[in-house]
Every structure is written in structure tokens, then in C-alpha cells.
Amino acid sequence: MSARLPQPNRLESGGIINRDRPVIFTFDRRVYQGFEGDSLASALLANGVKLFGRSFKYHRPRGILGAGPEEPNALVEVDHGPAERDPNHRATMLEIYEGLETFSQNHFGPLGMDVMEVNDLISRFLPAGFYYKTFFFGGLQAWYRLYEPIIRRAAGLGRPPLAADPHHYEKIYTHADTLIVGGGIAGLTTALSLAKAGQSVVVCEERDRMGGSALWQGETFDGQSGADYVNHLCAEIEAAGGRVLPRTTVFGVYDAGTFGAVERCHDHLAKADRRPHTARMKYHRIQARNIVYATGAIERSVGFKGNDRPGVMLASAGHTFLGKYGVRVGERATVFTTHDGGYGTAAALAQAGAAVTVLDARAEANVVIDGVTVIKGVYAKQAHGRMGLRRVDYDGASNGSLDTDSLLVAGGWNPAVHLTSHTTDRRQSKPVYDPEMLAFLPPELVETEAAAGSVTGAMSTADCLTSAQAAGKKLGGKAVALPTVASALPVSKPMEMWAVPGAGDAAFLDMQNDATVKDIKLSAQEGFKSVEHMKRYTTLGMATDQGKTANVTGLALLAAATGRDIAQVGTTTFRPPYTPIPVGALAGHHRQRDYEPFRYSPIHAWAEANGATFMEAGLWMRPAYYTRPGDKTWLDSAVRETKATRDSLGITDVSTLGKIDIQGPDAAEFLNRLYTNGWKTLPVGKARYGLMLREDGLVFDDGTTSRLADNHFYMTTTTAHAAGVMAHMEFMHQSAWPDLRVAFGSVTDQWGGLALAGPQARACLAKLFPDLDVTNDGLPFMGVLETQWNGFTARIFRISFSGELAYEVAVPADVFEAFWLEALRVGAEWDITPYGLEALNIMRIEKGHVTGAELDGRVSMDDVGLGKMVSTKKDFVGRAMSQRAAFADPDRAKMVGLVAAKPDDKIIGGGILFASADGPFDHTTMLGYVTSVAQYSPLKDRSIALAFIKNASDWHGKTLYVVSHVHGKSIMEVHAESPHFYDPKNEKVMS
Amino acid sequence: MLIPCPHCGLRPSEEFTPKGLAEAPRPVIGGADLPEDATWQDYLHTRTNRAGDTDEYFHHALGCRSWVVVHRNTLTHEVYGATMASEFWAQKNQQPEQETGQ
């Protein structure tokens, strides 16, 4: 334990801080001492600090306004290195711990001498709308280059961290019968009532501990202190099976009983006390049948000149610092109140030894407190003291000046109705203005909702408890005995005073945005009379605090300025989140490498160990090429692999293709309706290439499907469309053809597959399956055999994507790596060469086979040269629409092959085709576009490509020009020909 | 949003993939269908996008893989229920005339 340092404003007793546990922390590099249980705000106030930051626009010196989540002024940065620089912490919510380092924000130079304070001196020239009006001069360019960078630097809220967030965040589902938002005395009482009736309850409290105002108001409950009674309630709730979550903000209300909440698990702990690998925050997705809004109320200030001076704060804040933290905010305090509630604070301060004067706006006021001077019928006209309050002028029934070091303003209470407004769309009603209470109250609640405590407008603790009992009863709770509350806190409805007479500039409403009483009047005067327009014009209610202390006052003044009732003006819409939440908490572990899962082939480890470079194909990681000694670039590898395959024998992994097993008496009929071509006549032991359309007639996917038995088919899809094809098949089966007796499932992960391709493929296959007849008669092109390999089922398909004599062999995924290694072993005789996607791409372009680059959702069967694959004798998906006249238009672009004119030219993917090298190169002259490019084709000894062009066959043998507007407008000469460059008669695949 | 999957019970909407309004059954193709047929145009392209009660296809892709038709209100977000897509059109056809096409 370190030595006790003097804390000038700390009382010797009182509060719920632990005076036996001093805590050392820094603020702007100065070292201070507070106690365990302190917030940064209370600890600094205890040390006599008044200045916490600078305001957003005018850079005015600012102190503390509130004591909780509503705080607009005292925003600080927590800095533990570049990755852990965390801006915009409210000093009132930040709990201190040993070693905490904090910094004030938004000033140029030291906090006490901000050069940007000049903005304050010229503030009369910087009213609402100033930026909009002024910086049109010089046009948009001037705005982007000159004005905006300067303004952005001058007006900011903290600095972002400079490195990736090192923390862990977790997402969890939390289920409950009833969620109670707010762990004050009302929320806890409601929770106990429900828990005792057998409901599972979760109470979320955004502050460091449960209890709300019971922790500082000084009332007793059945003779117990507030803190003790709160502990007793929590223990009872937990004994009844309920959960109590402090430091947990319910930030949003969503459909169907879904709520978002963030629990802060680490931010209050010293680094040494944070368990490694545990979450900094937990994002709770709460699913609850019922909700209780026990969100309390937020006090509001009154508009008068200088009401933002450090030392002016809300009465409840001053009372909280005294009652909860044992900090007396001033020795000569002034309370400016519009209702009886201010007297409770005055009494508490007087009892703590302060000299207190009450300025009561009401001429008629009846509260009398020993030792407190009361001046009735007056209001605070102006507060003086740039770096700390020194004097307050009052006016009204009498006038004068008071020397004072703290001014506590009690302007009335705004129930925290924010969450009740998140569901406005559904309930079709907004919070309701009550002209008696001078406050917005929750709208009519549905049967699964209840409100308890001061959010209902209840003012005394006894009334809050009664409302809690009613809320519990509404949601099926048991009656709980309410405690006897001993209270010395007078309450009354407030007098209507949003701003004092004559208030204008420097009478602040929204401290965070520096929006003043004058700005509201200006907004109304300039025609921004809708509350939504006023908000955007003045920025009142924006930024991190969303105007929690300012909104209601702002619209009351707007109502006055436009001659309307407050109810007519209405509120802006409150939207989630209630208070700022880190994006990291929402992302959880779904970031960087863990953003999406990866899918790996069964031979991924082998490929990794054998020089493979991978590329992503959907979620799959597929080998792009295998680097061997002598390969200087990826193209060297791809060309070497291509040549080896064309000359002798290649092997590639096709495990990632989508595979769907289809069974049932109507399986053939089902395929008939999915594919454009016919399937009923396909014999057992044969495969067929199939084309699927979308219902609008455009090509969807292609692949081969094999008949393994009369009622048993095995379908393959492209890697990219596997999931989409599966969902499409399920949709058609279930929505259109539920009578078909067919069942199917994905077996993609159950089978591993390899392709043997090249002139020696048959020899290799024969060696792998010595007992099998793999001659052209025994296994002809498009033939399928099911056999055994070492006791495991093996399916052999004689199909080819590369254009070579080729076989695809599938074995169960578990034994696929062993089978792959065996193929490499027996293939060594022919120098078997593994090839990746790049080599496959070269070969399939040479062959004129299409992939997703061609089947891009805009092409018809005819466009890709497959127009003959249509059976006209049956219904199939897309049939009707594929007969549309537009699809027969000869002007439609169709597939063509391109060959670079110069050997060193590399055709550019996505390039546009033109007939002339002279231009213009625009949409009026464009003929087509390039879809797939082989940077080098061994067959043509130069770059080739597949493209789409109008009147495709007319261009065969002619010259075209490829222009890419995104690659420096280079103009490249190419020759067009049939896209089937390689073995157009299919002699190799049939050999 | 929670969706009452007829097979799995009440499940969060993240498990589902929406497809769009279920406003007409897929036309049955006879011998001489033409694409200009209004029934095909309606099936593919015509959507009322009504603000209020709607029937929408959802795929329980991260669950039982059923296609369901969810009955819900786009104004209030209330979900009334869900029917298996395989039963939806048969049930709808059995309903008396005045209840359809409202």
C-alpha cells in the first residue's frame, strides 16, 4: 500500500470508496491518487482538478457536467501505447486503477492554453450553419484541399488508435424470461418480484455497481443504508436464480425480444489483474420474452450565459460525487433550482460543511433548510471564471452577485426513454410529452413491456418502488414487501424554465457540440423548424453523447421560437446504440483471419509441404501453382505444369468441386427439370455434361452428373456455385415439385477427388487399378465405373476439363491423401506433375471451356455456344424465358477466342474490344469484352484469351484491338478465332 | 427477428436466407408455353411489395435446409407464422376465393 497523498476535496468519511486502497493514476502526465471505487471524474475532483477538456467547436475550457453515462464534456483518452489508445472515455464512467494513464482531448498545446480558443473569441461569427455558408468560397476543390483538413483537425473528438486492437472480444447468447434494463432500486425490486415467481431474470446495469441513486441519496431502507439494501436485493435475486450484470450497457432493442448489450469485463482492471486470453468485452445478444425499462432519468441544466464554465454541474452530479465518492465539489456552493429537488443537494452539501446558497427560480417556495441561504424568484444570469467558476450573477425578483466555486443546476428531469423509442416503427408511437411533468414519458407499452422507477416520471424513491411493484405485477411477478424509506429529499414538479430570460450566445444547451440557445433561435429564424432539420442545422444532439442532457431543452426552445407546443414539435428518433460501443465488441472474433472459415482439401498439408501457393476460391484454399527449382515466376510454374500434362501426365486436386448425391424413383425426372438437356435416357455407368439455367433463362451453372444406379445420381457443380446450386435444388423441389420422390444431400466433404490428365493417364490409371478394364472399350469417354481401392469405394469418371485424355477418381475423403500419394508413386514412371489452378486455367482456355468468368449471370446458352443442349420435350427451369426473342438477337455478344498479335503482349483481362485502333474507344464503338486470359499459351506461344463479341463467328480470322481504360489505355492488336484452340474435334479426350 | 420454422421451432433469422415474396406458384409448363405469357412475367417479375402483411420465402440454410414461407408484417415486424414451402401452395389453393388476392 502506498502512502496517502492529500486529496483536498475528499471528505474523511462517507461514500462507498475504499479509503484503505489508494490508487495511483495520471491525467495529462501528472500523477494523482484516488481510491478504489473512484471514477476518474471523482478522483480528479477530489484532487481539485476542474478543467477536463476543451469543447468541440469553440475550444472553451470545460469541466464535469454530470456524474454518469450522460456526460458530454469530460471525454478523455486512455493511452497504453499505440494499439491501446482509446479515445472518448467519459471520465464519469471510467473507473480508476493502478497505472491508469489518461489524457484530455481536443486542444492544441497544453489544456490550460489552447491556441484554438480564438474560436471562442470570434464565436459570434461562428454560429450554427457557419461552415455550410462560408466555405462555398473557392468551390468544392477549396473545400476538400484547404478548408476541410483544417476544420477536421481543429474539430475532433480524440484520436484513434494507431495499431490493430490487441484485445479479445466475445459474443454470447443470453436467454431470460425478462430483461431488466437498469439496476437501480426500481429495477432490482421488479427483478426480485419476477425471480420469486420463477422467472429467469437478467438485470443489466451500465455503471460499475448496482444501486443507482440509492448509493448516493443518503436515504435508508428499513434502517439499512442504500448500499447495504442494494446488496441485500442482489443477493435475493441471485438466490432466486436471477443474474445481475454490472458494467453492462443495453444499447439497443430489436425485433422479437432481441436486445443488444455490451459487458465491459476488463476496462476497470489494472493490467496485471486482467486474466490473459479473456475478453475485454462481451457482446450479449439477449433473447427475452419481456423487458422492464428501469432506465432512470437524466437531469437537465438551464440555458444561461456561462453555464458551461468548469465548476457548473448538474445538482445530481454534485450530490453523487458527495454521496457515492465522498468528494465535496465546492466550499462555497450555489444551487440554482426550478423545483424542490435542488434543496436535497443543498442540504447534503451544507451537512458536508459547505456554505450553500440556493437560487430558486420560483417566487413561491416553502422548503427551509438550516444554515442554507435561499433567494427566491431569481435565476442564474451569468457564470464567471474561465478556468474555474468564481462568481455567479443572478437576476429576477432581486439581483446580485455571489462569490462561489461551484454552481449546481437543478433544471428538472428527463426520463431516459431512449430504449422505448427504438421500437417506434412497431408500436407506431413515440415518447409522449407530459406538460404537467415537463418531460417526455414512455409511450404506451405493450403487454411484454413494463417500466419502473423514475423513467415513469416517479419522483420520490417511495413512488419509484411502487411503480416497480406494479411493473412486476404486470409481467406476472410475485408481490414483494417494500421497505420503509426514510428520506429527507423534498420533491416537486419543476417550474418551466428551459433558458433564463435574455439567454443567447454562450448559453449552452449541447455542451458537446457547442450548440447554444442562440443557435436554436437562429435555426427557427432561418426556417429549420422541424426538429429533424434543427438537429442537423445546429448539430444539437449529435456526437458521442447524443444530446442526453440537451435534447429536450433544445426542442422546448424550438417550440417557443416557432410558437408551437412541445408535444407538436416532438422528438427526434432515438436509435441504437444508447451510448457508444466499440466496433470490436460487435465483431468479436470475426476479424482478420477469423472473419470467415477456411475450407481445406484433404491434401492441403501435402500441397503446402510441396511448394504450393494457394488462392482463395470461395471459402476454399486451392493450389494455384507448385514452385519447383528453376521456376522464376508463377507463370514459369504454370507453363511447366501445362507442358508436363500435355506431354505426359499431370495430376490435380478436384476435391473442392461441389458434389451432390441424388436418390429416389423420381431422381431422373428431377434432373430433367433442373438441367436443359435430357437425363432419362442416360444409362447407368455414364456421365453427362449438364447446363442449368436460372428461371429467367440465363445460364446458372454447369457440371457433370453420373448415373450410378437407376435411382442414384452423383452430381458435380462448380466450386463457386456449390452452395447456390444446392439451395436452388432445394427450392425447386420444395416449392414447385414437392410431389417428386427424390432426396439429395451435399457430399462435397465426404469425397476427395483427383484428376489424372495427359497422354499417359490411362497407363497410370491401369497401374492404380490393375484388375480393372480401363481400355477405351471398358471405360469409354463419359464412362463411369465404381470399384474398390484397398477396400474403399472408388468412383472413376472419364471426363476432362483440361482437354486431355483424363480421368477423375473420387475416394472417401479419409483415404484421399493416401490415394493421392499412391497416384504420385505409380505415376513417377511418367514424371507425373501436380498442377494448380493457373495451369488448369491455361488448359481450359486453350480448350475453350467456360468457367464463372464466362458464366457471369448475363449469358445465355447460345452465347457460350451451348445452344444445342436444349430438350424441347420437357419442362425445365428457365425454359419459358430462354425462348425470349432477345436471346435470339444476332447482335448478342457470343464467345470468341483471341490470340495476341505480338508474342510479348499480354492480353488484359476485362479489356474492351474495338474494330479500329484509331478510336474513339467508347460505348458507341465497343464490340465486346475479354473474360478470361492465359498470359501464355504453350500451344500458341503467346497470350490468348476468351472474349464475348457481337456477331462472333464473323470475326474469326480478323484483327481486333483490346483497350483497357484501367490499364493506361494501351491499345493491343489481337486476332480472333474459334474459342476451341486446342483439339477442336475432341480426338484427345476420346483417344 | 425470430422465425418459427415448422421443423425446428423458433430460430433466429440469421440462420435463414431470404429469397423474396411468395406471390404466385411456379407456372406449370405445357407443350406450347410462350415466354410472353403473363403468368410467367408475373411469376418472375411482378411483386406487390405491399407495406403490411406479406408471405416471403426463407431458406433455413443453417438449420434443417427447409424452404419455408414466413407470414409477417413489414410495418410492425410482427411474425405471424411460417408454413413449409412444400405445403404452402396446396394449402393456399384450398382456401376459398375471397381470401386470396387481397
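User: What makes strand 35 and strand 41 of chain A a pair?

Analyst: Two strands pair if DSSP finds at least two bridges between them; strand 35 (residues 650-653) and strand 41 of chain A are joined by four bridges and run antiparallel. Strands here are DSSP runs of E with at least two residues, helices are runs of H or I with at least four, and both are numbered from the N terminus. Within this pairing, Asp653(A) stands opposite Leu754(A) of strand 41. The model is predicted, so local features need pLDDT of at least 70. Residues are numbered from 1 along each chain as its sequence is written.

User: Which sense does the pairing of strand 41 with strand 44 of chain A have, and over how many bridges?

Analyst: Strand 44 (residues 806-812) pairs with strand 41 in the antiparallel sense over seven bridges. Trp751(A) stands opposite Pro812(A) in strand 44.

User: Why is strand 41 of chain A called largely enclosed?

Analyst: Buried means under 20% relative accessible area, exposed over 50% and partly exposed in between, with a 1.4 Å probe and protein chains only. Seven of the seven residues of strand 41 (residues 751-757) are buried, so the rest of the structure largely encloses this strand. Both faces are covered, with Trp751(A) among the buried residues on one side and Leu754(A) among those on the other.

User: How do you know that chain A is more spread out than a compact globule?

Analyst: Chain A has 25 helices and 51 strands. Its radius of gyration is 38 Å, well over the 30 Å that the globule rule gives for 991 residues, so chain A is more spread out than a compact globule. The radius is taken over C-alpha atoms, and the rule is 2.2 Å times the number of residues to the power 0.38.

Notes: Chains are lettered from A and ligands numbered from 1 in the order in which they are written. This is a predicted model: local features need pLDDT of at least 70, side-chain atom pairs count only at pLDDT 80 or more; totals for chains, interfaces and linings use all residues. Side-chain values use heavy atoms; hydrogens and water are left out.
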